[in-house]
Amino acid sequence: MASARAFFPCAGALAKDAAVKFVSFNLMPYRELPDDFEEKYPSVWVTPPKTLYDPKRGHRFYHDYVDELEFSIDLGFDGVGVNEHHSNAYGLMPSPNLFGSILSRKIRSQDKTSLLVLGNSLALYNPPIRVAEEFAMLDVLTGGRFIAGFPVGTSMDTNYAYGVNPAELRERYYEAHDLVMKTWTTDELFMWNGKYNQLRYVNPWPRPAQRPHPPVWIPGGGSVETYDFAINHKYSFSYLSFFGHQYAQKVMDQFWDRAAKLDGDMNPYRAGFAQIVCVSETDAKAQSDYEEHVRYFFNKCLHVDPRVAEAPGYRTVKSLRAGLRSQFDGTMKSAAVLLKEGLSWQELNEMGFIVAGSPQTVADRFKEFSEKLHVGNVMLLLQIGSMPHWLTMKNLQLFAEEVMPKVQPIFGEWDASHYWPSGFGADAEEAGEEARTTSKEPAPAFGD
Amino acid sequence: MAQPKDQLIPANDRVTFQVKVAGQGEPVVFLHGAGGLLWDPFLDALSDQFTVYAPFLPGTGNSTGLENILGFWDLCLAYYDLFDKLGLESASVVGHSLGGMIAAELAATDQSRVRRLGLICPAGLWLDETPIPDIFAMSPAELLAHVVADVDSPLGKMMQQVPSDIDALMEVTIARVQNMQAAAKFLWPIPDKGLKHRAYRIKAPTLLVWGKQDKLIPPAYADEFKRLIPDAQVTLIDNASHLVTLEQTAQVIEALSGFLAKQPAAALA
């Protein structure tokens with residue numbers, strides 16, 4: 001059996017059967033955009049006409065997605081994941097915490113699955129202690145089975161939809177992070193005189209169930225600033241792209257490079273990435289089951305107007321410089337360009353955008369790239385695009401029951417407890433605290 | 001073309017300005033727009049009659065300290081500090097677009113520092129019925145079509161040129177993003193930061209110069225500025241959009257030089 005976790009893992013204990021941790025992630029897309037959407041409208045994000053949204057269909061979709069995430073808990077995924085987007089027709093969770101609170105009712109009644117909110121875009125909350133409060137609520141509600149995600153947020157979400165000044169976004173993010181963490185780690189009421197936030201009475205109730213705080217994950221693209229921020233704080237870094245494991249390889253290599261330089265800790269659970277997965281009875285059946293829904297996702301859901309894709313100042317000049325070079329010299333075709341040009345089902349598979357096929361095919365692929373990436377956490381996109389409820393349920397069940405057991409434990413020597421919830425029980429408080437403050441496993445050399 | 005001298009001047013502990021200086025005669029401070037500062041034929045012609053001081057907005061060129069500026073108040077104080085360092089007790093100030101918005105704030109905040117005020121299609125006001133398009137959500141071609149009256153004119157064609165060398169292209173792109181980033185700090189998401197509440201304080205005689213075909217900040221805004229500023233007159237210039245200083249350089253210079261050369265009423269009395 002793959003990745004059975006002890007209910008209350010002891011600090012430093014080696015989980016001998018530790019495998020890749022699988023999170024069932026749901027973006028909650030609108031599944032019925034018109035056929036000519038991408039020709040008729042400039043963008044799925046920021047500007048898609050609200051009149052395309054039918055609340056009656058939206059009602060159905062929301063409840064389908066909650067059912068799918070609850071089913072994921074029944075199936076024993078390591079986590080269920082939700083995230084935050086604004087003015088976005090493929091990500092209908094302006095407040096992921098609302099869904100987190102629904103899911104927490106089921107999460108508290110079992111001991112395998114954690115709740116991952118990946119996450120709240122800190123600069124969008126005023127004051128940011130709102131995030132400290134709501135995440136503490138979720139941590140308490142789930143019984144300490146909660147992971148806190150702190151993204152900067154995309155430029156579409158933060159600058160365009162929410163109007164945050166791009167020149168201030170990162171400063172606001174870092175200040176909000178410091179404030180939230182101080183809120184969680186300080187017992188006494190304190191005052192905060194920041195550049196963007198002034199509070200005389202910081203004293204939110206409740207405080208988190210996990211001590212000193214829930215595990216923190218940082219989703220991000222490939223910027224050195226984000227790697228360093230995650231590494232220096234001992235947070236788990238998640239590369240959330242829709243381009244799959246081959247594109248993730250370049251980012252993860254850079255990440256592990258930085259980790260080797262900064263602290264040498266190669267714990268695979270300090271990193272994660274996202275992958276679209278489609279499982280069916282056979283490889284051929286996977287294509288007939290899923291192709292139209294995958295194409296809906298790539299053609300409509302990734303149809304983002306370049307004019308609102310990146311505000312000036314959203315990326316640092318350092319990151320900009322690195323990105324422009326590969327864009328201008330043509331050494332690497334961007335994934336978005338490749339997708340726009342059109343790829344066959346086989347190409348999508350071979351290039352890693354999707355992992356599709358029979359359970360054996362999918363399991364083999366996972367074993368192969370998980371070791372190469374050395375990544376312990378995988379955000380699985382098992383619902384994607386227009387995929388209907390019944391098909392998502394099939395995908396979830398086949399992955400959990402037919403693929404997961406075939407993915408052999410490959411990170412057995414590593415301890416996940418610093419990056420995963422400790423739960424909440426008689427002695428969990430101490431165990432969690434110790435786990436989160438002492439994570440110094442001697443690191444074997446990574447790579448060759 | 002006169003070669004301007006570059007000076008690097010720390011205005012205070014937090015902000016340092018790169019300033020281009022050229023010409024002779026009475027001082028005129030020129031504040032550039034969101035596209036950044038280039039020593040162009042307009043500034044060259046202006047420096048024939050005046051001593052032109054053209055500072056780069058913090059965060060552009062070699063001016064630094066953008067991150068230390070919290071808002072317009074800080075920005076005004078940094079410019080006053082720069083005036084002190086340049087030995088300008090008071091000076092005429094000319095600003096284009098974003099620079100016009102800053103110039104108007106400078107004139108409204110400390111009335112003693114701005115002698116005469118030249119506002120060339122300034123930003124800073126907002127009319128719900130005539131919204132200013134979002135320059136931070138336009139393709140380069142769309143932006144160009146908004147700021148020049150004729151994209152097929154020599155100026156329009158020149159502005160469509162892209163360097164073929166990758167290194168040059170990188171540097172041009174990065175400079176453009178840095179200019180826009182600094183501009184966005186003061187214009188995002190809507191270029192109205194309260195000038196309408198302060199414009200009544202502008203005591204300097206004011207000339208508003210506007211391209212008749214301005215598609216970025218339409219001439220309706222000239223009327224609004226004139227309504228709010230006590231001593232203001234408007235010169236509309238035909239066959240010009242937002243880059244009026246480059247599209248109709250001679251006409252803008254003529255209007256400005258006549259206006260700036262006038263003696264203040266107090267001195268005549």
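Which backbone oxygen does the side chain of A:Thr183 reach? The structure in view is a predicted model, in which local features need pLDDT of at least 70 and side-chain atom pairs count only at pLDDT 80 or more, while totals for chains, interfaces and linings use all residues. Residues are numbered from 1 along each chain as its sequence is written, chains are lettered from A and ligands numbered from 1 in the order in which they are written, and side-chain values use heavy atoms, with hydrogens and water left out.

The side chain of A:Thr183 reaches the backbone oxygen of A:Leu179, at 2.6 Å. A:Thr183 belongs to helix H6 of chain A, residues 166–185; helices (H or I, at least four residues) and strands (E, at least two) are DSSP runs, numbered from the N terminus. With a relative accessible area of 12%, A:Thr183 is buried. Here buried means under 20% relative accessible area, exposed means over 50%, and partly exposed lies in between (1.4 Å probe, protein chains only). Leaving aside residues up to four places away in sequence, A:Thr183 touches A:Ile129, A:Ala132, A:Phe190, A:Val202 and A:Pro204, where contact means heavy atoms within 4.5 Å.

Charged pairs are the next topic. Side chains of opposite charge can pair when their charged atoms come close. Over all chains, the structure holds 33 salt bridges, each defined as a side-chain nitrogen of Lys or Arg within 4 Å of a carboxyl oxygen of Asp or Glu. One of them joins A:Lys234 to A:Asp263, with the closest N and O atoms 3.1 Å apart. Because A:Lys234 lies in the loop between helix H7 (224–233) and strand S8 (236–239) of chain A, and A:Asp263 in the loop between helix H8 (244–262) and strand S9 (271–279), this pair ties together parts that are 29 residues apart in sequence. A:Lys234 counts as buried at 18% relative accessibility, whereas A:Asp263 is partly exposed at 34%.

A:Lys234 also forms a salt bridge with A:Asp265, whose closest N and O atoms are 3.4 Å apart. This pair too links distant parts of the chain, 31 residues apart, with A:Asp265 in the loop between H8 and S9 of chain A. Both A:Lys234 and A:Asp265 are buried. Together with A:Asp263 and A:Arg270, these two residues are linked in a network of salt bridges. Elsewhere, the side chains of A:Arg307 and A:Asp305 meet in a salt bridge of 3.0 Å, N to O. A:Arg307 is partly exposed, at 29%, while A:Asp305 is buried, at 7%.

The interface between the two chains comes last. The size of an interface is often given as the accessible area lost when the parts come together. Chain B and chain A bury about 2,000 Å² between them, 66% of it on carbon and sulfur atoms; this buried area is the accessible area (1.4 Å probe) that two parts lose on being put together, summed over both. In chain B, B:Met170, B:Ile174 and B:Trp188 lose the most area to chain A, together 31% of what that side buries. The contact takes 23 residues from chain B and 22 residues from chain A.

Two salt bridges are counted between chain B and chain A. B:Glu171 forms a salt bridge with A:Arg321, the closest N and O atoms being 2.9 Å apart. On the side of chain B that touches chain A, the largest share, 13 residues, comes from helix H6 (residues 166–187) of chain B.

Notes:
A polar contact is a pair of N or O atoms within 3.5 Å; within protein, one must be able to donate a hydrogen and the other to accept it, and residues adjacent in sequence count only if both atoms are side-chain atoms.
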